[in-house]
Amino acid sequence: MEFDPDRVRDNIRRAETSDLLDRVTVYRADLEPEALTLMMEELRARKITPEQIVLHEQSRQEALTDDSGLVRACSFCRNPAIAEGKGWFRLFRLVPLVPRTLYFCSEHVPAEKT
Ligand SMILES: [Zn+2]
């Protein structure tokens with residue numbers, strides 16, 4: 001896919017700060033270098049300091065990763081997953097399209113797992 005700076009910039013401007021922080025830290029390996037630069041500029045414009053970015057990254061270190069080292073995203077939102085839900089799919093058996101292995105972020109983790 002071709003890199004479209006205008007579209008990317010627009011997308012970045014509308015993103016939540018916490019989403020941008022995730023993308024420049026735990027999802028950094030997925031990013032185009034140009035997109036990473038634009039996101040860092042946007043965070044700077046939002047008065048986010050490098051220290052805050054480092055703190056954010058540290059708070060995400062419990063995140064699960066796949067075999068290639070990329071952070072897994074929650075099955076319900078874009079946050080990094082901290083728990084895996086093998087077997088939990090039975091809770092959702094009324095929803096047949098849900099994958100059998102579910103990933104949960106800190107917000108979506110079932111109460112029994114914490
Ligand atoms: Zn989630």
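**Helix packing in a predicted model**

Mentor: In this predicted model, the protein chain follows the pattern α-α-α-α-β-β along the sequence.

Trainee: Why are H2 and H3 called oblique to each other?

Mentor: The axes of H2 (residues 17–24) and H3 (residues 33–45) come within 10 Å and cross at roughly 140 degrees. Roughly antiparallel requires an angle over 145, and roughly perpendicular one of 65 to 115. The pair is therefore oblique, and H2 passes H3 in a left-handed crossing.

Trainee: Which residues make the contact between H2 and H3?

Mentor: From H2, Leu20, Arg23 and Val24 take part; they meet Leu36, Met39, Met40, Glu42 and Leu43 of H3. By class, this contact has six nonpolar, two charged and no polar residues.

Trainee: What makes a residue of H2 count as buried, and which residues are they?

Mentor: The criterion is 20 or more other C-beta atoms within 10 Å of the residue's own. In H2, the buried residues are Leu20, Leu21, Asp22 and Val24.

Trainee: Against which helices do the buried residues of H2 pack?

Mentor: They pack against H1 (5–14), H3 and H4 (50–59).

Trainee: What share of the protein chain is buried?

Mentor: Buried residues account for 18% of the 114 residues. Among contacts between residues at least 6 apart in sequence, 51% join residues at least 24 apart.

Terms used
Residues are numbered from 1 along each chain as its sequence is written. This is a predicted model: local features need pLDDT of at least 70, side-chain atom pairs count only at pLDDT 80 or more; totals for chains, interfaces and linings use all residues. Axes are lines fitted to C-alpha atoms, for helices over the stretch in contact, and angles run from 0 to 180 degrees between N-to-C directions. Helices (H or I, at least four residues) and strands (E, at least two) are DSSP runs, numbered from the N terminus. Angles under 35 degrees count as roughly parallel, over 145 as roughly antiparallel, 65 to 115 as roughly perpendicular and the rest as oblique. A crossing is left-handed if the near helix is turned anticlockwise from the far one by less than a right angle, and right-handed if clockwise. Two residues are in contact if their C-beta atoms, placed from the backbone, lie within 7 Å. Ala, Val, Leu, Ile, Met, Phe, Trp, Tyr, Cys and Pro count as nonpolar, Asp, Glu, Lys and Arg as charged, and the others, Gly among them, as polar. A residue is buried if 20 or more other C-beta atoms lie within 10 Å of its own, exposed if 12 or fewer, and partly exposed in between; C-beta atoms are placed from the backbone.
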